[in-house]
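Q: I am new to this structure and would like to learn how to read it step by step. Could we begin with how charges are counted, and then go on to the fold?

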Amino acid sequence: IEKVKEFFKKRDMADKILEFDRSSATVALAAQAIGCEEARIAKSLAFMVGDKVVLIVVAGDARIDNKKYKEQFSTKATMVSPDEIVDLVGYPIGGVCPFDVNEDVVVYLDESLKRFKTVYPACGSSNSAIELSISQLEKYSKFFSWIDVGR
C-alpha cells in the first residue's frame, strides 16, 4: 500500500485511499468493507499473453469470457500464477491494482465497468480501496484501451 499511497500523494489523491481493519481481498469482502454492491468493485486480473503480462480491470460481478478473451488476444486465457504475481505485476493477490504497476505490464479496462459512475479498485494491499470515477480510473491506471472480455 505504501507504493500506491506515494503514487496518489503525487496526485493529491492520497487522502481518498480507504484502509479497512478487515480484509478486502475478495470482491465480496471488499463490498462488505466499503458498503457497496459487489459489481462496483473493480477487480484487477493478471494474465500471461505470450511472455507479456496484461492486467484486465473488470467489474466485480463480471467473469472473463474465454471466447471473447481468445478473440481479443489470440490465445487462451492463462492467469499469472500466485507465486509470480508480485514479481510480474508489483502487488500481492488481494491487493492487485492498476496503479504504478511494473513497467512492462499492459493495463486494459473492461466494458463491464462503464455502467457505473464510480468504482472501487484495490490499492496494493488486502485491506484497501479507492473510489474513482471512470475517467479517474482511466487517468490513473494509464490504461492501454477499453476491451470487452467480460460476461
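A: In such a count, Lys and Arg are taken as positive and Asp and Glu as negative, while His and the chain ends are not counted; each charge is placed at NZ of Lys, CZ of Arg, CG of Asp or CD of Glu. This is a predicted model, in which local features need pLDDT of at least 70 and side-chain atom pairs count only at pLDDT 80 or more, whereas totals for chains, interfaces and linings use all residues. Residues are numbered from 1 along each chain as its sequence is written, and side-chain values use heavy atoms, with hydrogens and water left out.

Q: How far apart are the mean positions of the positive and negative charges of the chain?

A: The chain has 21 positive and 23 negative charges, and their mean positions lie 3 Å apart.

Q: Which elements make up the secondary structure of the chain?

A: Helices (H or I, at least four residues) and strands (E, at least two) are DSSP runs numbered from the N terminus. Here there are 5 helices and 8 strands, and from the N terminus on they follow the order α-β-α-β-β-α-α-β-β-β-β-α-β. With a radius of gyration of 14 Å, close to the 15 Å that the globule rule gives for 151 residues, the chain is therefore as compact as a globular protein of that length; the radius is taken over C-alpha atoms, and the rule is 2.2 Å times the number of residues to the power 0.38.

Q: In what order do the strands of the open sheet stand?

A: Strands of a sheet pair through backbone hydrogen bonds, either parallel or antiparallel, and two strands are said to pair if DSSP finds at least two bridges between them. In this model 6 strands form an open sheet with mixed pairing, in the order β7-β5-β2-β3-β4-β8. Because β7 and β8 stand at the edges with a single partner strand each, one side of each is left without a neighbour in the sheet. β2 (residues 41-49) runs parallel to β5, joined by 2 bridges, with Ala 42 opposite Pro 121. β5 also pairs with β7 (residues 132-133), in the antiparallel sense over 2 bridges, and there Thr 118 faces Ser 133. β4 and β8 are parallel over 3 bridges, with Leu 109 opposite Trp 146.

Q: Which way do the residues of strand β5 point, and are they buried or exposed?

A: In a regular strand the side chains alternate between the two faces of the sheet. In β5 (residues 118-121), Thr 118 and Tyr 120 point one way and Val 119 and Pro 121 the other, and all are buried, where buried means under 20% relative accessible area, exposed over 50%, and partly exposed in between (1.4 Å probe, protein chains only).

Q: What does Val 106 touch?

A: Contact means heavy atoms within 4.5 Å. Val 106, in strand β4 (residues 106-110), touches Val 53, Val 54, Leu 55 and Phe 144, not counting residues up to four places away in sequence. Val 106 counts as partly exposed because its relative accessibility is 23%.

Q: Where is Lys 142, which has a positive phi?

A: Most residues other than glycine have a negative phi. Lys 142, although not a glycine, has a positive phi of about 50 degrees, and it is found in the loop between α5 (134-141) and β8 (145-147). Lys 142 is exposed, with a relative accessible area of 61%.
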